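Please look through the structure below.

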Amino acid sequence: MNTVLKTEAQIRLVKHLFADALAQALNLHPISAPLMVLTGTGINDDLNGVERSVQFPVKFLGDRQAVVVNSLAKWKRLRLAELHFPPGEGILTDMRAIRPDEDYSPLHSVYVDQWDWEKVIEPGARSLTTLQEEVCKIYGALRFTAARLAESYPELERELPAEITFVQSEKLRQRFPDLSPKERENEICREYGAVFLIGIGGPLGDGQPHDGRSPDYDDWSTPAGEGFYGLNGDILVWNPVLESALELSSMGIRVDAPALTRQLEQRGQQERSGLMFHRLLLEGKLPQTIGGGIGQSRVCMFLLNKRHIGEVQASVWPDETGAELL
């Protein structure tokens, strides 16, 4: 079989296996997802708060501006409220986005495809224990997918750690104080193979966050015990092909009203509280949830031993990169 066609067949298998395993493990119902939402509602994910989004006027709405989603972090929570799901159930979507300010690298593309999921939890379940339980289920789905993939393609067989290791971002900073956040990730993933890094978005002991997070979806400010903060984090694995850490997922317990108020104040963005999404949350009209996004191309890249994300997705690249991928 042609190499490109073989890769495409492998991609289809990975996406099928992982989506089914994820839905079963987390008790998720697959649903349709929007490519765009209207501006001025507070629904679009603002990522780190500085990236530009793709916007365009909608003629039949009087040229009101719509925006291509960056992710569905807040839309999913609204959808769960509309569907009246009970605690323990959630939704899984096949998200597509365009992020024009994405940094170019073998791991990044302006085209983003991910499994976006969200699940209702009890208000009393907003805890580190709940977060860790869901992470273990996701990691279990990844290991299952890797094992089943190897049954069809033995050359792709690999050993993943039996368990994922949980590491507080502040502890990681204290262990490697002279390294950058990405260098710390490389060191800890090289050591353990699969890591969930807890607490991303709030300032660490040096006054800087490990990485950026918008203030209005993940809860990165709630105390998590032992003087640490944050009920969110990233799933990271060691990529032996690139010899570096690879982020597969960003996820977390979502903000409740106190956490939203606190994080908006910390970022000096209190004006967002008047937007539709934020107003509903502050008024107690949205369920308590946990959720995240899992990169489809990144999972494929990782399990198929590819060196560049362009080998597993169609996007736009510099001319020299495009030639290398052919």
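**Rings and charges**

In this predicted model, R158 lies over the face of F302, at 4.2 Å from the ring centre.

The structure holds 2 aromatic pairs. One of them joins F18 and W115, whose ring centres are 4.8 Å apart. Their planes meet at 45°. Planes under 30 degrees apart would count as stacked and planes over 60 as edge-to-face, so this pair is classed as tilted.

Where do F18 and W115 lie? F18 belongs to helix 1 (residues 3-26), while W115 belongs to strand 6 (residues 111-120). The pair therefore ties together parts that are 97 residues apart in sequence.

Are the two partners buried or exposed? A residue is called buried under 20% relative accessible area. F18 has 1% relative accessibility, so F18 counts as buried. W115, at 4%, counts as buried too.

The last stop is R184, which is found in helix 5 (residues 181-192). R184 is buried, yet R184 has no salt bridge. The nearest side chain of opposite charge is that of D206, 4.2 Å away.

What lies around R184? Leaving out residues up to four places away in sequence, R184 touches L172, R173, F176, L179, L204, D206 and H210. For L179 there is a further detail: its backbone oxygen lies 3.1 Å from a polar atom of the R184 side chain.

How values were computed: Residues are numbered from 1 along each chain as its sequence is written. This is a predicted model: local features need pLDDT of at least 70, side-chain atom pairs count only at pLDDT 80 or more; totals for chains, interfaces and linings use all residues. Side-chain values use heavy atoms; hydrogens and water are left out. Rings of Phe, Tyr and Trp (its six-membered ring) pair if their centres lie within 6.5 Å; planes under 30 degrees apart count as stacked, over 60 as edge-to-face and the rest as tilted. Helices (H or I, at least four residues) and strands (E, at least two) are DSSP runs, numbered from the N terminus. Buried means under 20% relative accessible area, exposed over 50%, partly exposed in between (1.4 Å probe, protein chains only). A charge sits over a ring if NZ of Lys or CZ of Arg is within 6 Å of the ring centre and within 35 degrees of the ring normal. Lys and Arg count as positive and Asp and Glu as negative; His and the chain ends are not counted. A salt bridge is a side-chain nitrogen of Lys or Arg within 4 Å of a carboxyl oxygen of Asp or Glu. A polar contact is a pair of N or O atoms within 3.5 Å; within protein, one must be able to donate a hydrogen and the other to accept it, and residues adjacent in sequence count only if both atoms are side-chain atoms. Contact means heavy atoms within 4.5 Å.
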